[in-house]
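This briefing gathers a few local and interface features for a reader who has the sequence and the coordinates at hand. Please read it alongside the model shown here.

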Amino acid sequence: MRAFVTSLLSLLILSLPAQAATNDHVSTFTLDNGMKVVVIEDHRAPVVTHMVWYRAGSADEWPGTSGVAHFLEHLLFKGTDKLASGEFSATVARNGGGDNAFTSYDYTAYYQRVAADRLELMMSMESDRMVNLRLSEEDILTEREVIIEERNQRTENSPGALFNEQKRAAQYLNHRYGVPVIGWRHEMEALDLDAALAYYKRFYAPNNAILVVAGDVAPDAVKALADKYYGVLPANPELGKRARPSEPPQTAERRMVFRDARVAQPYVSRTYLAPERDSGAQKQAAALTLLAELLGGGTTSYMAEKLQFETQQAVYTASYYDGDALDDTSFSLIMVPTEGVSLADAEKALDDVLKSYVERGVDKEALKRIKMQLRASQIYARDDVSALANLYGQALAIGLTVDDVQTWPEVLQSITAEDIIAAAKSVFKVEKSVTGYLMTPDGDAS
Amino acid sequence: MKALALALAAWLIALPALAEVDIKDVTTPGGLTVWHVEEHSIPFTALELRFRGGTSLDAPGKRGAINLMTGLLEEGAAALDARAFAKARDGLAASFSYDVGDDTLTVSAKFLTENRDEALALLRSTLVEPSFNDAAIERVRRQVLSGIRSNEKDPSNIAGESFAKRIYGTHPYGSDDSGTVESVTALTRDDILAAFAATIARDRVFIGVVGDVTEAEVGPMLDTLLGDLPATGAPLPAKAEPAFDGKTTVIPFETPQSVAVFGQSGVPFDHPDYFAAYLLNVSLGGGGFESRLMEEVREKRGLTYGVYSYLAGKDGADVWQGSVQSANNRVAEAIAVIRDEWARMAESGVTAQELQDAKTYLTGAYPLRFDGNGPIANILVGMQIQGMPIDYIATRNDRVNAVTLDQINRVAREWLKPEMLSFTVVGQPEGL
């Protein structure tokens with residue numbers, strides 16, 4: 001019974017994290033101007049995925065301009081010196097391809113999926129808009145309405161999304177991970193041409209970008225094309241080191257109640273500030289990845305066993321950890337109580353389960369099963385070259401290396417039961433946590 | 001993201017794939033038809049089973065029974081209870097998913113070559129001897145009820161369900177196939193068993209297998225998997241008769257952005273005009289950022305994040321449907337623009353350039369569909385269930401390219417009915 005999961009909470013993705021296969025056919029090189037290139041070969045179909053990742057996301061924005069990274073992402077589909085507004089996507093479509101882009105806290109990425117013999121055209125257009133964007137006031141005004149409607153659709157129309165936004169804001173005392181990628185509405189309404197161009201000029205440069213080409217291509221041919229289109233662009237000498245505000249010690253537990261008439265199914269959630277994957281030091285993140293699976297990764301997890309099967313106090317439980325971040329990330333838990341169970345009782349049951357898990361230790365059979373699944377996921381991963389392209393692009397954008405990506409499966413296999421419990425103890429600190437109740441206006445939060 | 005990815009019913013025409021994909025039509029010793037592609041480069045296999053009928057086979061008064069039954073297929077079978085089953089599946093690193101919609105129940109499986117027989121035995125147990133024990137029924141029933149309550153307060157879901165009820169009336173398409181709180185609460189174990197008997201049978205299954213398995217292995221494999229299924233299930237439901245009145249109906253709901261679903265009658269997949277209609281829809285509201293609806297509603301006016309139209313082909317009904325979301329004080333304008341564009345397209349059709357762009361988009365996107373064993377297996381069952389010939393793939397782009405400007409514009413005049421385009425709007429829209 002899985003459909004329920006997606007209908008309730010899209011933030012928790014209940015699948016094992018993607019991993020690189022050992023047999024990736026991956027090549028890497030760096031252009032003279034500092035642009036990193038990753039080539040992943042898969043010759044089963046004459047198709048290519050072409051992606052450019054910028055090491056700049058919403059957490060790199062200046063205060064007061066929240067949403068500008070994402071706004072600029074939209075504006076990159078407007079004109080350049082060579083292309084009229086909308087012509088980029090229209091050209092991709094006329095060549096039988098699809099294109100899109102996405103913005104996150106740590107990166108912004110643009111991609112096209114197209115027949116392999118159109119790669120040069122994609123590079124010619126993508127390299128053009130890296131430096132030659134031409135925006136008008138009218139572009140800005142119309143597209144600002146579009147992103148506000150996007151916020152309406154993703155956030156304002158969903159109490160769960162509004163609740164998450166408030167929780168993140170409480171989790172981060174200083175880091176801009178506490179500010180939504182889409183932006184705070186009042187700041188989005190004031191975004192202008194200057195803000196978009198300032199961000200563009202600062203971050204859009206080859207020495208801040210990663211090119212990933214995956215599919216039916218040869219590394220030498222990709223190198224030649226990359227030199228021709230991206231290699232000629234000047235590096236931005238003022239880019240500087242990527243430094244952002246960091247978290248001070250977190251010393252006070254945070255609690256919140258979010259009420260909304262549109263809530264049909266109340267739930268309690270808990271997040272803890274947690275360390276992320278670091279280049280060359282991925283063990284702690286690997287232990288937390290396994291912890292999230294063992295604790296709340298599905299039907300056989302500890303939370304499901306205790307709360308859904310034994311006490312039946314929950315209709316749904318999950319835990320989630322995403323170590324793919326540049327700075328401190330979070331470890332999340334959620335419990336959707338059975339009808340008649342209060343949120344306060346649900347929270348207590350959740351705390352009891354966490355406590356007993358840390359005391360009782362890891363079930364060796366469960367750990368073995370998950371390691372088997374992780375091994376198999378390397379085989380399944382080879383079937384989806386676009387997902388591999390994402391994996392490498394994201395990793396390089398958050399400061400990891402190709403070597404980190406390729407050793408990650410081994411690091412996961414090396415984790416012991418003791419490592420997992422030690423990681424749990426170090427993360428489950430109440431003073432670093434946010435506990436939230438999502439409920440109806442008249443619900444009892446006591 | 002610049003635009004939400006949209007799956008919709010794109011596979012209806014985009015079904016096929018690379019001409020090089022070598023599909024074999026295999027008849028098993030036991031008499032099952034299997035479409036098979038051998039692909040040994042990665043040591044796993046993707047299997048897709050699709051049973052025609054789906055939730056439209058719910059018995060009268062038992063709405064939600066087939067949905068609940070489907071949710072229970074992975075909750076225990078043969079000697080294994082839900083957790084023992086999940087442990088066995090995870091231990092093999094196999095993945096099974098069970099999904100049901102208006103017209104089909106789909107089982108998608110992936111399993112490794114190294115433990116294929118064990119994985120298939122486990123999958124078989126869920127299709128032949130599911131337990132449906134009382135504890136699992138109650139547990140999954142609570143999850144379904146929780147989902148129904150959430151859907152009742154989700155504006156997109158309210159809009160979709162309200163529109164369906166309005167056009168399909170008392171046909172099963174006209175009600176939420178999860179059922180209502182009342183109908184699901186009342187379901188008994190016997191109802192679940194009846195739902196299972198109605199849905200899972202050999203006379204309605206379509207099979208696609210792609211991956212690391214030889215042609216000689218496929219027949220015995222499928223006979224073992226499905227040989228013990230009952231020969232027949234429940235009779236398939238009658239056709240629906242979707243009705244459109246051309247009006248805009250508002251369902252009040254307190255939320256900042258209105259959700260609108262709209263539609264008119266569609267074009268059957270087997271009609272000679274279908275390809276022209278599909279191309280027409282690409283220019284009207286399908287595909288990417290280049291459609292007229294995206295251009296007029298989003299790009300020029302900034303009224304929405306996304307507006308789409310598509311040909312929704314169900315077994316028992318064809319509808320030309322679409323959706324848009326816009327702030328309460330702007331949705332009236334968005335709807336007016338959509339109505340204008342619909343009328344303009346009906347009256348003057350597309351330009352030669354638009355037709356050419358739609359053709360190059362569709363024919364070029366064609367090979368991109370074949371991006372993995374799982375997607376190909378999905379396409380193989382889609383082709384079979386639509387009644388396509390096995391060589392369809394090689395001819396598909398020719399059929400797209402054969403559509404002329406005269407034909408597409410005749411189709412625009414004859415099939416688009418702006419006066420019948422009906423909107424259901426959920427929210428607090430101003431000026432409607």
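What is the mean pLDDT of chain A, and what percentage of its residues reach 70 or more? The model is a predicted one, and in it chain A has a mean pLDDT of 93, with 95% of its residues at 70 or more.

**Confidence in chain A**
- Over residues 1-15 of chain A the pLDDT stays under 50, and for this stretch the model has 27 contacts beyond four places in sequence.

**Packing of two helices in chain A**
- Helix H12 of chain A, residues 343-360, packs with H11(A) at an angle of about 140°, the axes of the two helices being 10 Å apart.
- Since angles over 145 degrees would count as roughly antiparallel, H11(A) and H12(A) are therefore described as oblique to each other, and their crossing is right-handed.
- From H11(A) the contact draws on Tyr302(A), Met303(A), Lys306(A) and Leu307(A), while H12(A) contributes Ala349(A), Val353(A) and Tyr357(A).
- By residue class, this contact of H11(A) with H12(A) consists of six nonpolar residues and one charged residue, with no polar ones.

**Contact between chains A and B**
- Chain B gives 62 residues to the contact and chain A gives 61 residues.
- On the side of chain B that touches chain A, at least two residues each come from several elements, including helix H3 (82-92), strand S7 (104-112), strand S12 (317-327) and helix H14 (373-385) of chain B.
- The element that gives the most to this side of chain B is H5(B), with nine residues.
- The residues of chain B on the side that touches chain A comprise 21 nonpolar, 23 polar and 18 charged.

- Most residues other than glycine have a negative phi.
- Gln312(A), although not a glycine, has a positive phi of about 55°; Gln312(A) is found in the loop that joins helix H11 (302-310) to strand S9 (314-321) of chain A.
- Is Gln312(A) exposed, partly exposed or buried? With 14 other C-beta atoms within 10 Å, Gln312(A) is partly exposed.
- Phe132(B), likewise a residue other than glycine, has a positive phi near 50°, and Phe132(B) lies in the loop between helix H4 (116-128) and helix H5 (134-151) of chain B.
- Phe132(B) is buried, because 21 other C-beta atoms lie within 10 Å.

Terms used:
Residues numbered from 1 in each chain as written. Chains lettered and ligands numbered in written order. Predicted model: local features only at pLDDT ≥ 70, side-chain atom pairs only at ≥ 80, totals over all residues. Helix = DSSP H or I, 4+ residues; strand = E, 2+ residues; numbered from the N terminus. Buried ≥ 20, exposed ≤ 12 C-beta atoms within 10 Å, placed from the backbone. pLDDT = per-residue confidence, 0-100. Contact = placed C-beta atoms within 7 Å. Axes fitted to C-alpha atoms, helices over the stretch in contact; angles between N-to-C directions. Parallel < 35°, antiparallel > 145°, perpendicular 65-115°, else oblique. Left-handed = near helix turned anticlockwise from the far one by under 90°. Nonpolar A, V, L, I, M, F, W, Y, C, P; charged D, E, K, R; others polar.
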